[in-house]
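Please read it with the structure open.

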Amino acid sequence: MLVAEEQRSTSRFLIEPATPEDDAALRDLFHRTSMGSEIEVSFEREPSYFEALAIQGDQYEVGVIRDRYTGSIIGSGTRVMRKGFLNGQTADTGYLGDLRIDPKYRNGTLAARIYRLLQSREHWCDWYYTVIFEENTQALNTIATGRAGLPIYRDCGRMLCPGVELRGKLPQLSVPGVILRQAKRDDLPGIVDCLNRNLTRRQFSTVHQVEHFQNGKRWRGLDSEDFYIAEREGKIVGVIAAWDQSTFKQTRIVRYHGHWRWTAPLSRLLAPLRQAPGLPPPGDSLSYFYVCCVAVDEDDLDVFRVLLRELYNAHVGKKWLYFMIGLHERDPFASVLKEYARIPFVGRLFAVTLSEHSQQPPALDGRIPSIEVSTL
């Protein structure tokens, strides 16, 4: 269990576990912390922080930084555990994320303290992963260095997380012998089987269970009809899904910088011609969804290409401006993204161990990472 940091009489700040009573304060913290240099956004969790957190895994702990003078929460960090694939085997896999520090208190040491606290607690698993977006130079230069007793961070390369613009329908594609269709509820066992047998080839990928798609928590709002499947001779050989999380997670525009200050209003004027919504004004939320649960037998590039095109065309001309997808730079599927108009967004993936520096966990082999960015 996460327990409060030992109180320091000289410190103004206390790091301690969050409680359900902190839900509103955590949502407010996410509202007032933003990121992005050209399009500045905040990633929010309305109407409930803890209910949104449930999609991340089976077990989680949230640490908060509390200002002793005011009692307010000025920072937070989370660790999560779920079943995943490591070196091709099912294992407990962790995630470190949701790090937020109020802009008025960003000095580089508070983030380090919250991760030192996590390091001193019970170790749920050998390896955690985290994604730090490349624009977040402060985090890359502090917590990711492994200095001053911080957890060990191993750089695993870049995660490509573009926003793919839904500008207009594109030519339909096909693969001989492959049938594409929207999934039905009784397809779930076949979908889960396709996911698991293919994701064993990836590092840090999620182990799926049929009940996870039925309990309304882990994949909240994702229905079987949101999946698109590729079949060959009656067998599911590829899957992909579209997940709209807007009822519990939002990305709000804080402000535009540079050319986006005039590009955004222009996009709204041209929306009818582009058959897509324009960029919203500051204060409003972006309308988008995630592409998730991607798996194709033998990493067949043609099957992935037709699945992505089918999903893309099915969502053009509706309420969404774009979709987000996350693929590692070494993933063969990443090359297909070049066929679409997209806004680049790149993060660095790190494998993290909370064990002491002298206690190294089992080595990771060279499998391509597969991170479900929709659950970050």
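## Residue classes and the model

In the class counts below, Ala, Val, Leu, Ile, Met, Phe, Trp, Tyr, Cys and Pro count as nonpolar. Asp, Glu, Lys and Arg count as charged, and the others, Gly among them, as polar. The model is predicted.

## Second largest pocket

The second largest pocket holds about 520 Å³ of space. Its lining has 22 residues, and the closest to the pocket centre are Ile-39, Glu-135, Ile-343, Pro-344 and Phe-345. Two elements give two or more residues to this lining: β2 (39-44) and β16 (322-324). β2 gives the most, with three residues.

## Largest cavity

One cavity of 30 Å³ or more turns up in a search of the whole structure. The largest cavity has a volume of about 250 Å³. It is lined by 24 residues. Nearest its centre lie Leu-199, Val-294, Ser-370, Ile-371 and Glu-372.

Which element gives the most to the lining of the largest cavity? It is β15, with five residues. At least two residues each come from α5 (188-199), β11 (205-206), β15 and β17 (327-328). By class, the cavity lining has twelve nonpolar, seven polar and five charged residues.

## Helix α8

Helix α8 spans residues 301-315, 15 residues in total. From first C-alpha to last, α8 reaches 22 Å, close to the 21 Å expected at 1.5 Å a residue. After α8 comes Gly-317, with a positive phi near 80°.

Which residues of α8 are buried? They are Val-303, Phe-304, Val-306, Leu-307, Leu-308, Arg-309, Leu-311, Tyr-312, Asn-313 and His-315. An α-helix has 3.6 residues a turn, so residues three or four places apart point the same way. The cover over the buried residues of α8 includes strands β8 (163-165), β9 (179-182), β12 (227-232), β13 (235-243), β15 (288-296) and β16.

## Glu-165

Glu-165 sits in strand β8. Is this residue buried or exposed? Glu-165 counts as buried because its relative accessible area is 14%, and buried means under 20%.

Leaving out residues up to four places away in sequence, Glu-165 touches Arg-274, Tyr-312, Leu-321, Tyr-322, Ala-341, Arg-342 and Ile-343. Two of these contacts link back to parts described above. Tyr-312 is one of the buried residues of α8, and Ile-343 is among the residues closest to the centre of the second largest pocket.

## Backbone details

Glu-46 and Pro-47 are joined by a cis peptide bond, with omega about 10°. Pro-47 belongs to the loop between β2 and α2 (49-53).

Glu-233 has a positive phi, near 55°, and is not a glycine. It lies in the loop between β12 and β13. Its relative accessibility is 82%, so Glu-233 counts as exposed. Glu-298 also is not a glycine, and its phi is positive at about 55°. Its place is the loop between β15 and α8. Glu-298 counts as exposed because its relative accessibility is 75%; the cut-off for exposed is over 50%.

Note on methods. Residues numbered from 1 in each chain as written. Predicted model: local features only at pLDDT ≥ 70, side-chain atom pairs only at ≥ 80, totals over all residues. Heavy atoms only, no water. 1 Å grid on protein atoms, 1.4 Å probe; cavity = no way out; pocket = protein on both sides within 12 Å on 5 of 7 lines; lining within 4 Å. Points joined across faces, edges and corners; volume = space filled by probe spheres on them. Helix = DSSP H or I, 4+ residues; strand = E, 2+ residues; numbered from the N terminus. Expected span 1.5 Å × (residues − 1). Buried < 20%, exposed > 50% of the residue type's maximum accessible area, 1.4 Å probe, protein only. Contact = heavy atoms within 4.5 Å.
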